[in-house]
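Trainee: I've got the model loaded. Could you walk me through reading a few of its features?

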Amino acid sequence: MADSAVRVRIAPSPTGEPHVGTAYIALFNYLFAKKHGGKFILRIEDTDATRSTPEFEKKVLDALKWCGLEWSEGPDVGGPYGPYRQSDRKDIYKPYVEKIVANGHGFRCFCTPERLEQMREAQRAAGKPPKYDGLCLSLSAEEVTSRVDAGEPHVVRMKIPTEGSCKFRDGVYGDVEIPWEAVDMQVLLKADGMPTYHMANVVDDHLMKITHVARGEEWLASVPKHILIYQYLGLEPPVFMHLSLMRNADKSKLSKRKNPTSISYYTALGYLPEALMNFLGLFFIQIAEGEELLTMEELAEKFDPENLSKAGAIFDVQKLDWLNARWIREKLSEEEFAARVLAWAMDNERLKEGLKLSQTRISKLGELPDLAAFLFKSDLGLQPASFAGVKASPEEMLEILNTVQPDLEKILEWNKESIETELRASAERMGKKLKAVVAPLFVACSGSQRSLPLFDSMELLGRSVVRQRLKVAAQVVASMAGSGK
């Protein structure tokens, strides 16, 4: 395969805050394209219509642009193989699914969600991994036609070989073998006519002429399904490369439940995009000590996809802090530093809106720092004493914090109105007055009992910062409850 023909892609789902893991995979693909003089493509995979939103799509695009990544083709820039949003490609997939069914490699499944859940529960109870039991494989062609003509809801599943294993070569893991008995009869087309991720992924990669698919190792187990779909359609699969997962220092999978994972969190705290990309790029190159500070161009020059580690990429925040500090000190002129500080303060309208909220609450300008500094702080330094003025026991505050955190995650569009609505509903579910629920949240988000209006402040801080502050507050309050304070 000629280097000039290399085409790679990043295909995020707009179902939440953009994750640093997305930037990690995107950077690998970007550097791979740079190394081979190829094309880097952005595709939005929004087949999950219930969770995908335009707001999250915009956040994905904005976050990847902030990272300094540029794509040759995508939903915002167009290209010869568009559209680049799966929801806009809905009519493209069905003929491919029908071809798989017509050739005897797929079948229509009429099992209800209730029947499938009962099946999975029985399998779990028997100590077996849950997967489809093949009930609808035995339906006659006449019965299938009759039920389809009657308008009975159904999905299309793919057939899986009953013996042997799938053998393939991965660009990172080398030769891989997965037994077919471990592979489920994947749904290809949902009852609403939308393809599943697996079906759309294969068709889109084929039509967009993707030559190399580089993604996280969690997708390694899906390769047999994808290879089968390529075979069933008579298509040539791309080269697969599965990158080691990003992990916490304790080797657990990086997740927002343990640590901040949203790109927006690192933006809000004042990390430089160059430093974050430098940090992530070090996972893909071999360097000597003292050579850590690298620009995107230098990362591309040293990038070596043939020599990747299978060990987990450890997201070491201390190392990121060290790199960020070096970038601020060594790479920015005084003028550039001042410009970055102003741009950071104005991000998400924090400075402008913070000043607007502060104007009626101060008698002299010197009071501003104490009142509004929480909007810009990396760490509020919460202590048990911070909650001393809250008229609730530590146990009650902990209940509020632990209840509110998952409730706020339900919010699709993050603004003061949706935040207030959700917190009012949380208070009602807990049987508490809104004032009682707001009190510990006020301290958790601002570090003080006298500050700016809570709902406005939470909107300005952003979802990812609020998430982390509530998490830290819950840890402090839990220590109070445990010590009897």
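Mentor: Helices (H or I, at least four residues) and strands (E, at least two) are DSSP runs, numbered from the N terminus. Keep in mind that this is a predicted model, where local features need pLDDT of at least 70, side-chain atom pairs count only at pLDDT 80 or more, and totals for chains, interfaces and linings use all residues. Residues are numbered from 1 along each chain as its sequence is written, and side-chain values use heavy atoms, with hydrogens and water left out.

Trainee: At what angle do the axes of H9 and H11 cross?

Mentor: Two packed helices are described by the angle between their axes and the distance between the axes. Axes are lines fitted to C-alpha atoms, for helices over the stretch in contact, with angles from 0 to 180 degrees between N-to-C directions. H9 (residues 273-281) and H11 (residues 317-331) cross at roughly 135 degrees, and their axes come within 9 Å. That makes H9 oblique to H11; under 35 degrees counts as roughly parallel, over 145 as roughly antiparallel, 65 to 115 as roughly perpendicular, and the rest as oblique.

Trainee: Which residues in H9 and H11 meet?

Mentor: Contact means heavy atoms within 4.5 Å. On the H9 side you have Glu-274, Ala-275, Leu-276, Asn-278 and Phe-279, which meet Lys-319, Leu-320, Leu-323, Asn-324 and Trp-327 in H11. The residues of this contact divide into six nonpolar, two polar and two charged. Here Ala, Val, Leu, Ile, Met, Phe, Trp, Tyr, Cys and Pro count as nonpolar, Asp, Glu, Lys and Arg as charged, and the others, Gly among them, as polar.

Trainee: Where does Glu-292 lie, and what does Glu-292 touch?

Mentor: Glu-292 lies in the loop between H9 and helix H10 (296-302). Leaving out residues up to four places away in sequence, Glu-292 touches Asn-278, Leu-282, Ile-287, Trp-322, Leu-323 and Arg-326. With a relative accessible area of 12%, Glu-292 is buried (under 20% is buried, over 50% exposed, in between partly exposed, with a 1.4 Å probe and protein chains only).

Trainee: How do H12 and H13 pack?

Mentor: Helix H12 (residues 334-346) and helix H13 (residues 350-358) have axes 5 Å apart, at an angle of about 60 degrees. So H12 is oblique to H13. Trp-344, Ala-345 and Met-346 in H12 meet Arg-350, Leu-351 and Lys-352 in H13, a contact with four nonpolar, no polar and two charged residues. In the loop between these helices sits Asn-348, whose phi is near 60 degrees, a positive value in a residue other than glycine. Asn-348 is partly exposed at 44%.

Trainee: How many disulfides does the structure hold?

Mentor: A disulfide is a covalent bond between the sulfur atoms of two cysteines. The cut-off is a pair of cysteine sulfur atoms within 2.5 Å, and the structure holds zero. Cys-111 is in no disulfide; its nearest cysteine sulfur, that of Cys-136, is 3.7 Å away. Cys-111 is buried, at 14% relative accessible area.

Trainee: And which residues does the cis peptide bond join?

Mentor: Gly-82 and Pro-83, with omega about 0 degrees. Pro-83 is in the loop between helix H2 (54-66) and helix H3 (90-102).
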